[in-house]
Amino acid sequence: MIIKLKIPSAALSFCLAAGFAFAQDAAAPAQATQEASAGSAAAPAGGDVITTRLKIVRMIYSNKMIFTSTVGAGGTYGDSENTAPKMVTLWYQTGIGETAAWQKVDIRPGVTTKTLNYTGPQNLRFYRQIPPAAPEEPPTYKQVSDINLPPNTEDVYLLMSQMNDNISFYAMNVSPTELPKGRAVIMNMTSVPLLVSLGNEKPFILRKGAHVVCSPRVMHDGNYAELIMGYSENKAWVPAIRTSVAVSDEKKRYILVAHQYSKKLSDIRIETLVY
């Protein structure tokens with residue numbers, strides 16, 4: 001569900017003066033970039049061997065998202081029109097040595113994939129399959145992206161961004177110890193820091209490319225929590241969004257992704273993913 005609401009500055013105090021005094025910086029991951037190389041791989045390579053479960057979601061408005069992470073390749077803010085195909089088929093390898101096998105995953109915009117079981121190096125690489133020149137020859141694989149997975153985790157959620165042929169991933173540990181049921185993680189995929197308040201908690205600053213886990217306080221009819229976000233302009237915080245998000249089910253975990261759909265800072269959307 002995507003909800004967007006613009007609020008004039010005069011109509012919303014946003015607790016800007018008091019909120020800034022209480023604001024706390026959420027740690028922002030450092031940027032990391034790595035060029036994908038072409039070729040085929042006979043076995044996984046690169047990093048310690050891990051075993052985990054993966055789910056991938058390709059963001060609908062991902063051509064306007066910032067991808068910066070200590071555990072993955074860093075993307076950039078995209079200005080051009082996204083002409084990526086509606087469905088993307090990627091390949092990856094799971095297993096070590098003789099047990100390594102190619103696996104295919106079809107990824108559609110806004111749809112979370114089924115659970116993928118993965119055993120291999122911490123540096124997970126994704127490829128496109130290139131058909132063989134002759135029927136008797138095996139296919140080859142060209143690497144298109146890679147991502148360093150969080151270590152020692154049972155479940156990893158991969159947010160995928162694609163602009164034209166460029167693919168980036170953001171990996172997040174969603175194991176119960178890191179993201180318990182009934183909690184929500186807020187991700188800032190915009191191009192600027194945001195001042196955030198969820199469920200009437202003290203506002204805090206969430207840097208671009210960072211995420212933070214919250215315990216939202218349900219406010220409206222026992223089903224919704226209020227989410228307020230603002231951005232800095234001329235040394236003052238300007239409100240961009242005031243909306244309600246459904247985060248009431250204690251049996252589920254929520255991922256709230258803030259991202260821009262244009263270069264205007266006021267054009268911020270919230271996309272809610274339920275895990």
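Colleague: Hi! Which strand does Asn 123 lie in?

Modeller: Asn 123 belongs to strand E7, residues 123–130; strands here are DSSP runs of at least two residues, numbered from the N terminus. This is a predicted model, where local features need pLDDT of at least 70, side-chain atom pairs count only at pLDDT 80 or more, and totals for chains, interfaces and linings use all residues. Residues are numbered from 1 along each chain as its sequence is written, and side-chain values use heavy atoms, with hydrogens and water left out.

Colleague: Thanks! Is Asn 123 buried or exposed?

Modeller: Asn 123 is buried, because its relative accessible area is 8% (buried is under 20%, exposed over 50%, partly exposed in between, with a 1.4 Å probe and protein chains only).

Colleague: And which side chains does the Asn 123 side chain make a polar contact with?

Modeller: There is one with the side chain of Arg 125 at 3.0 Å, and one with the side chain of Asn 148 at 2.8 Å. A polar contact is a pair of N or O atoms within 3.5 Å; within protein, one must be able to donate a hydrogen and the other to accept it, and residues adjacent in sequence count only if both atoms are side-chain atoms.

Colleague: New topic: in what order do the 4 strands of the open sheet come?

Modeller: The order is E6-E3-E9-E10, with mixed pairing; two strands pair if DSSP finds at least two bridges between them.

Colleague: Which strands stand at the edges?

Modeller: Strands E6 (116–121) and E10 (166–173) do; each has a single partner strand, so one side of each lacks a neighbour in the sheet.

Colleague: How many bridges join E9 and E10?

Modeller: They pair over 8 bridges, in the antiparallel sense.
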